[in-house]
Amino acid sequence: MSRVVIWCVWQLSFIVSESEYRPLLPYTESTSSIFLSSLNPVDNRKWRRKSWYWRVVKVFKVPLEVLLLLTVPVVDPDREDRNWKRPLNCLHLVTGPLVCTLTLQSGRYGLYAIQGEFPVWVLVLLISLFISTIVFYTTSNQQPPRFHFLFSLLGFLVSAMWINTAATEVVSLLRTLGVVFNLSNTVLGLTLLAWGNSIGDCFSDITIARQGYPRMAISACFGGIIFNMLFGVGLGCLFQMFNNQHVVKLEPEGLLEWVLAGALGLSLVLSFILVPVQCFNLGRAYGALLLLFYVTFLLVALLTEFKTIHLWGP
């Protein structure tokens, strides 16, 4: 009985706290207020509840969040208005194409001048301004247009270009670290870059498995690797071929490349044999074996890179 009373009190307090921030009379927001409120990345109620160190981190995150709000449109089908913000979405029609143009190939195409006089980014800006003006004067603040779903495609493209730009900068930083510490690109990709690319997938797969969906988590593990290897390597080879190189040659420079290829093949063979043998019932022993295999592989690869393990020669 006490639990029921506590639950009812909690629900009542939640309703009161929510209604506290609702206007008593219906009103229509102006375009400027919609624009300013949509650019605010800080929730006032959450700001008051959180601790001081969360606020400090939030202060450093605000500039990046504002930049993403200005450039990446978000369509939320769970909301009644589907996150339609007319002034901000019209601005996205200008900033989104500009971001895609200026970040593609590190701005090589965006800075290209047509006939040596008219930059491409200026042409994209003029076309975007024209489309944005049409959308602004043919839509309203209250009702999302029928073509609002197209903003999700624009958001996907802009997000992909931001991710590509961040990945390019991370690779450049890793190359700088490799030069400073005299490490090869293979070791950097094997450790820092691999961990950075996989840590997000690792935690998401663990969370999915703990929620009671182990098959989904395992499928995501193998599906992500297959996607990275087939799509990533295939797309990279196509881009390389478009640069007047019709053949992509993989030239192993030493023992390390053979260690990488052998470890990959051996891990696939072990999983191909051990999983059916266990009747597809994977336990802790299989997980411990995979962790031990990875630690051993990483140790052998690093020892090979630092010339502790080398081929026998005359």
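Predicted model: local features only at pLDDT ≥ 70, side-chain atom pairs only at ≥ 80, totals over all residues.
Local features need pLDDT of at least 70 and side-chain atom pairs count only at pLDDT 80 or more, while totals for chains, interfaces and linings use all residues. Residues are numbered from 1 along each chain as its sequence is written, and side-chain values use heavy atoms, with hydrogens and water left out.

**Exercise 1.** Determine whether T101 is buried or exposed, and what T101 touches.

Solution. Start with the location: T101 is in helix α5, residues 86-103 (helices are DSSP runs of H or I, at least four residues, numbered from the N terminus). Next, its relative accessible area is 14%, so T101 is buried (under 20%; exposed is over 50%, partly exposed in between, with a 1.4 Å probe and protein chains only). Last, leaving out residues up to four places away in sequence, T101 touches G107, G110, V120, W121 and V124 (contact means heavy atoms within 4.5 Å).

**Exercise 2.** Describe the contact of α5 with α7 by residue and by class.

Solution. First, helix α7 spans residues 150-181. Then list the residues: α5 contributes N89, H92, L93, G96, P97, V99, C100 and T103, and α7 contributes F151, L154, L157, V158, M161, W162, N164 and T165. Finally, sort them: 10 are nonpolar, six polar and none charged (Ala, Val, Leu, Ile, Met, Phe, Trp, Tyr, Cys and Pro count as nonpolar, Asp, Glu, Lys and Arg as charged, the others, Gly among them, as polar).

**Exercise 3.** Find the phi and the accessibility class of R82.

Solution. R82 is in the loop between α4 (52-71) and α5. Its phi is positive, about 55°, although R82 is not a glycine. Relative accessibility is 46%, so R82 counts as partly exposed.

Definitions and conventions: Helix = DSSP H or I, 4+ residues; strand = E, 2+ residues; numbered from the N terminus. Axes fitted to C-alpha atoms, helices over the stretch in contact; angles between N-to-C directions.
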